[in-house]
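Hi there,

Here is the structure I promised to pass on.

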Amino acid sequence: MGFRKFSFNFGRSTQEVELPEDQISSIIEGRPVPAVDVEQAALEAMRHPIGCKPLQEMFRKGDRVCLVIADVTRSWNRSSEYVIHVVNELNLAGVPDEDMCIVFAQGTHREQTSEKNVRVVGEEVARRIRMYQHHCRNNDELTCVGTTRFGTQVMLNKRVVEADKIVIIDGITAHLFAGYGGGRKLLLPGVAGWDTIQENHCHALADHFGDGINPKTRNGVLHDNPVNYDMLEAMDMVRPTFLVHSIINNEG
């Protein structure tokens with residue numbers, strides 16, 4: 001029996017893994033795609049978006065805006081390079097820095113250090129915009145916005161819910177049981193309460209104890225996926241206004 005060696009990016013280095021060839025069912029690799037100019041691409045995405053009006057037409061002076069941004073565990077999305085362009089575009093729409101805040105979509109993850117905040121949003125944004133950590137176990141920071149048809153009571157961060165408008169910032173990638181990451185995941189689990197997250201993630205399990213994983217919750221599958229649908233219903237309860245996401249090529 002032969003072994004095949006794989007090299008994965010791991011932090012700032014790589015990790016090599018050897019697997020028995022007869023245990024490998026398939027290998028998924030990204031299609032080679034050239035990198036873009038980040039500023040140019042970000043402006044193009046905001047000024048000629050998919051499915052909605054340009055960002056500047058969706059916001060106006062007087063709006064209190066919350067940017068929900070993936071935490072440092074998703075820093076592969078290179079958000080530190082394009083959050084500044086989102087903030088500046090909101091300025092052009094009439095929203096000053098003092099009417100914006102950032103809530104990090106940490107889910108059940110621990111609080112970030114100041115250094116990690118900068119790794120996520122960049123130095124200039126960290127200086128200009130108020131930033132808040134999300135604490136999923138602190139019920140004083142949460143408010144109930146409804147219950148999904150799957151029975152999940154949706155408790156979300158108050159700062160996000162009480163904002164006039166929400167912008168979601170992350171990257172898109174395949175996800176083991178939600179189908180794909182990004183988008184609605186920034187709200188549930190991103191800024192949801194502990195119990196809400198547990199209820200949602202339990203939909204990834206089979207109906208009967210001991211039967212393992214729900215076959216409807218798979219990597220790359222969105223249709224008829226209860227985890228995805230549960231997240232979508234939670235998102236619709238607060239209806240974010242705009243989304244800016246990156247897609248990363250093989251070279252990062």
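Let me begin with the sheet. E8 and E11 run parallel and are joined by five bridges; two strands count as paired if DSSP finds at least two bridges between them. Within this pair, isoleucine 169 sits opposite valine 244 in E11. Strands here are DSSP runs (E, at least two residues) and helices likewise (H or I, at least four), numbered from the N terminus.

Before I go on: this is a predicted model, where local features need pLDDT of at least 70 and side-chain atom pairs count only at pLDDT 80 or more, while totals for chains, interfaces and linings use all residues. Residues are numbered from 1 along each chain as its sequence is written, and side-chain values use heavy atoms, with hydrogens and water left out.

The open sheet has five strands in the order E5-E4-E3-E8-E11, with parallel pairing. Strand E5 (130–132) and strand E11 (242–246) are at the edges with a single partner strand each, so one side of each has no neighbour in the sheet.

There is also an antiparallel pair: strand E6 (residues 142–147) and strand E7 (residues 153–157) are joined by five bridges. Leucine 142 has asparagine 157 in E7 as its bridge partner. Five residues lie between the strands of this hairpin, where glycine 151 takes a positive phi near 90 degrees.

Strand E8 (165–171), strand E9 (174–175) and helix H7 (194–202) each supply at least two lining residues.

What about disulfides? The structure holds zero, a disulfide being a pair of cysteine sulfur atoms within 2.5 Å. For cysteine 144, the nearest cysteine sulfur is that of cysteine 136, 16 Å away. Cysteine 144 is partly exposed at 40% relative accessibility (buried is under 20%, exposed over 50%, partly exposed in between, with a 1.4 Å probe and protein chains only).

Best wishes
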